[in-house]
Amino acid sequence: MAIRGIGSDIVEVSRINRLRESYGERFLKRVFTRGETAYCESKEHPEIHFAGRFAAKEAIAKAVYQSGHNTIIPFSDIEILNDAEGRPQVSLLTQIQGKCLVTISHEHSMAIAFAVLEY
Ligand SMILES: CC(C)(COP(=O)(O)OP(=O)(O)OC[C@H]1O[C@@H](n2cnc3c(N)ncnc32)[C@H](O)[C@@H]1OP(=O)(O)O)[C@@H](O)C(=O)NCCC(=O)NCCS
């Protein structure tokens, strides 16, 4: 296995709030899977977790494109759920060679993510 692509992204939590206010369910359904929405909405500050996932999806898309794949991946085809320890695990519904790893971090106003594609 070797690293084929890396990506990062930073997102302002207020941007996610604006999108949720403007487009509501339509925005959530377009970007997040049901499982992700359920996870974020179970938290005290859902917007922070949505922002982290949004950053993670951008970071994963960058890692995939950097590896040479030309396929456009809809964000709703990237699912990031947490394992029992809280670690974010990536599932890609678009068929892409390899495995994506991601790490997410957030504060009240910003979220960042870093992703790696390996195969
Ligand atoms: C993992 C840990 C370092 C996160 O640090 P933090 O400063 O509180 O949080 P950050 O804002 O930097 O990061 C939060 C993100 O880290 C990720 N994360 C959570 N637990 C994680 C873990 N065990 N390993 C890797 N990543 C983890 C998640 O993606 C989370 O965001 P999300 O809930 O929106 O998906 C901290 O919770 C810790 O030390 N945990 C110890 C392990 C632990 O508590 N396990 C719980 C078992 S039930």
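Visitor: What part of Tyr39 lies 2.5 Å from an oxygen atom of the ligand?

Guide: A polar side-chain atom of Tyr39 does, and a pair of N or O atoms within 3.5 Å is called a polar contact. This is a predicted model, in which local features need pLDDT of at least 70, side-chain atom pairs count only at pLDDT 80 or more, and totals for chains, interfaces and linings use all residues. Residues are numbered from 1 along each chain as its sequence is written, and side-chain values use heavy atoms, with hydrogens and water left out.

Visitor: And how far is the side chain of Ser105 from the ligand's oxygen?

Guide: An N or O atom in the Ser105 side chain is 2.6 Å from an oxygen atom of the ligand, while for Ile104 a backbone N or O atom lies 3.3 Å from a ligand oxygen.

Visitor: Which element gives the largest share of the shell around the ligand?

Guide: Strand E4 does, with three residues; helices (H or I, at least four residues) and strands (E, at least two) are DSSP runs, numbered from the N terminus.

Visitor: New topic: which residues touch the most other members of the largest nonpolar core?

Guide: Among them are Phe27, Phe32 and Phe54, in a core of 30 residues. Such a core is a set of buried Ala, Val, Leu, Ile, Met, Phe, Trp, Tyr and Cys residues joined through side-chain atoms within 4.5 Å, where buried means under 20% relative accessible area with a 1.4 Å probe, counting protein chains only.

Visitor: Which element gives the most to this core?

Guide: Helix H3 gives the most, with eleven residues.

Terms used
Polar contact = N/O pair within 3.5 Å; in protein donor to acceptor, adjacent residues only side chain to side chain. Buried < 20%, exposed > 50% of the residue type's maximum accessible area, 1.4 Å probe, protein only.
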